[in-house]
Amino acid sequence: MQGSTAAWPSLSLVIPAYNEEAVIAQAIVEADDSLRTIVTEYEILIVDDGSLDATAAVARDTAKERPRVRVLQHEVNRGYGAALRTGFEAARGELVAFTDADCQFDLGDLRHLIPLTQEVPIAVGYRVDRQDPWLRRFLSRGYNLLIRCLLGTRVRDVDCALKVFRRDALSQLLPESRNFFVNTEMMTRARQRGFEVRQVGVRHRPRR
């Protein structure tokens, strides 16, 4: 029910960040405010991937007022996939979700993804009314079609950064990729292992 928490399993939300000094505080506040209305037990893991700006410092300062937030840090930039893996391996929840630090997703939409994991091991979003430049949308459509044909990923928006995994399934999908191929790798591995995936439309906002 809107505005109240449900007795879902505990959730870890992983947010990788690289040079997101301008928006990381907003990302933390939005995540914490959203999750407290959806689940009872949760944690938020900010993984600073060797940022060259004050991302890590701002995240730590914001976390002082948000006890459910943990900040992890790479000494050097290791790539998006490596940051996700660091968060996944540190996660304590029975469910593990991830999103990006650029505030393009309304994390209230997790209330639609989390219940699906009672039936299947993986729930993924696809962007509705995507708020990206037309060229990026065009290239994304082509890429999604290509990998569905070549790799059988079965998802309509593989790079949508709002996904939820059961912990036992995620342990078999930990990425080796360090770049943005990580989503394709994980969804391909899910198909190879026979994991069922459910999809739901999620809201998308312009990047700040």
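Predicted model: local features only at pLDDT ≥ 70, side-chain atom pairs only at ≥ 80, totals over all residues.
Figure 1. The largest cavity holds about 60 Å³ of space. Its lining consists of I15, A27, E30, A31, T99, D100, C103, F105 and L107. Helix α1, which spans residues 24–35, gives the most to this lining, with three residues.

Figure 2. C103 is placed in the loop between β4 and α4 and is one of the residues that line the largest cavity. The phi angle of C103 is positive, at about 65 degrees, although C103 is not a glycine. Most residues other than glycine have a negative phi. C103 has a relative accessible area of 6% and is therefore classed as buried. The side chain of Q104 makes a polar contact with the side chain of H204, at 3.3 Å.

**Figure 3. N19 in the loop between β1 and α1.** N19 lies in the loop that joins β1 to α1. Its phi is positive, at about 55 degrees, although N19 is not a glycine. With a relative accessible area of 30%, N19 falls between the limits of 20% and 50% and is therefore partly exposed.

**Figure 4. Aromatic pairing between helix α3 and strand β6.** The count of aromatic pairs comes to three. One of them, formed by F88 and F165, is edge-to-face, with 6.3 Å from centre to centre and 65 degrees between the planes. F88 lies in helix α3 and F165 in strand β6 (residues 162–166), so the pair ties together parts that are 77 residues apart in sequence. Both F88 and F165 are buried. F88, F98 and F165 form one aromatic cluster.

Figure 5. The buried residues of α3 are Y80, G81, A82, A83, L84, G87 and F88. The elements that cover these buried residues include β1 (11–17), β2 (42–49), β3 (69–74), β4, α6 (167–170) and α7 (182–192).

**Figure 6. A90 in helix α3.** A90 is found in helix α3, which covers residues 80–90. Leaving aside residues up to four places away in sequence, A90 touches E43, L45, R70 and L72. A90 and S12 are 78 residues apart in sequence, yet their C-alpha atoms are 9.2 Å apart in space.

**Figure 7. R68 over the ring of Y42.** R68 lies over the face of Y42, at 4.4 Å from the ring centre.

**Figure 8. The whole chain as context for the close-up views.** The chain has seven helices and seven strands. From the N terminus on, these elements run β-α-β-α-β-α-β-α-β-α-β-α-α-β. Of the 208 residues of the chain, 52% count as buried. Among contacts between residues at least 6 apart in sequence, 80% join residues at least 24 apart.

Terms used. Residues numbered from 1 in each chain as written. Heavy atoms only, no water. Helix = DSSP H or I, 4+ residues; strand = E, 2+ residues; numbered from the N terminus. Contact = heavy atoms within 4.5 Å. Polar contact = N/O pair within 3.5 Å; in protein donor to acceptor, adjacent residues only side chain to side chain. Phe/Tyr/Trp six-rings, centres within 6.5 Å; stacked < 30°, edge-to-face > 60°. Buried < 20%, exposed > 50% of the residue type's maximum accessible area, 1.4 Å probe, protein only. Lys NZ or Arg CZ within 6 Å of the ring centre and 35° of its normal. 1 Å grid on protein atoms, 1.4 Å probe; cavity = no way out; pocket = protein on both sides within 12 Å on 5 of 7 lines; lining within 4 Å. Points joined across faces, edges and corners; volume = space filled by probe spheres on them.
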